[in-house]
Amino acid sequence: MAFDNSRAAAVDKITRAVVEHHPYTLCFSCLAAEHRIPEFEVREIAQVAVLREGFRVARRICYRCNIADDMPLAPDPTCPS
């Protein structure tokens, strides 16, 4: 499945945000609101990042809304994949 330029830009924007926010984590809803992207697209982007770039999804407390939910996390360099 080929991504168009806008999708590639959204993937870059979300993955960069996850890395830059580290160690603070934002849930999918907060990431979507912050970047004005529908939540379902942020979840799709997370799947791409998990498969291609070693990101992971874990249950944490969101730094912004304080709700426990699944959220994307940057790759852990200390944990071998």
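# Reading exposure and salt bridges in a predicted model

User: Where does Val-50 lie?

Analyst: In this predicted model, Val-50 lies in helix H3, which covers residues 39-53.

User: Why is Val-50 called partly exposed?

Analyst: The relative accessible area of Val-50 is 33%, and the partly exposed class runs between the buried limit, under 20%, and the exposed limit, over 50%. Val-50 is therefore partly exposed.

User: What makes the nonpolar surface patch that includes Val-50?

Analyst: The patch is made by Val-50, Leu-51 and Val-57, and its area is about 280 Å². A patch residue needs over 30% relative accessible area, and Val-50, at 33%, passes that cut-off.

User: Why are Arg-16 and Asp-12 separated by about one helical turn?

Analyst: Both belong to helix H1, residues 5-21, and they are four residues apart, which means a separation of about one helical turn. An α-helix has 3.6 residues a turn, so residues three or four places apart point the same way.

User: How do you know whether Arg-16 is buried, partly exposed or exposed?

Analyst: Its relative accessible area is 42%, and because this value falls between 20% and 50%, Arg-16 is partly exposed. Asp-12, at 39%, is also partly exposed by that rule.

User: What makes the pair of Asp-69 and Arg-59 a salt bridge?

Analyst: The closest N and O atoms of Asp-69 and Arg-59 are 4.0 Å apart, and since the cut-off is within 4 Å, the pair is listed as a salt bridge. This pair links distant parts of the chain, with Asp-69 in strand S2 (residues 68-73) and Arg-59 in strand S1 (residues 56-61), 10 residues apart.

User: Why is Arg-59 called exposed, whereas Asp-69 is called partly exposed?

Analyst: Arg-59 has a relative accessible area of 54%, and exposed means over 50%, so Arg-59 is exposed.

User: Which residues are linked with Arg-59 in a network of salt bridges?

Analyst: Asp-69 and Asp-70 are linked with Arg-59 in that network. The closest N and O atoms of Arg-59 and Asp-70 are 3.7 Å apart, a value within the 4 Å cut-off.

Key: Residues are numbered from 1 along each chain as its sequence is written. This is a predicted model: local features need pLDDT of at least 70, side-chain atom pairs count only at pLDDT 80 or more; totals for chains, interfaces and linings use all residues. Side-chain values use heavy atoms; hydrogens and water are left out. Patches are made of residues with over 30% relative accessible area and no salt bridge: like charges are joined within 9 Å, nonpolar side chains (Val, Leu, Ile, Met, Phe, Trp, Tyr) within 5 Å. Accessible areas come from the Shrake-Rupley method with a 1.4 Å probe; for residues, only the protein chains shown count as cover. A salt bridge is a side-chain nitrogen of Lys or Arg within 4 Å of a carboxyl oxygen of Asp or Glu. Helices (H or I, at least four residues) and strands (E, at least two) are DSSP runs, numbered from the N terminus. Buried means under 20% relative accessible area, exposed over 50%, partly exposed in between (1.4 Å probe, protein chains only).
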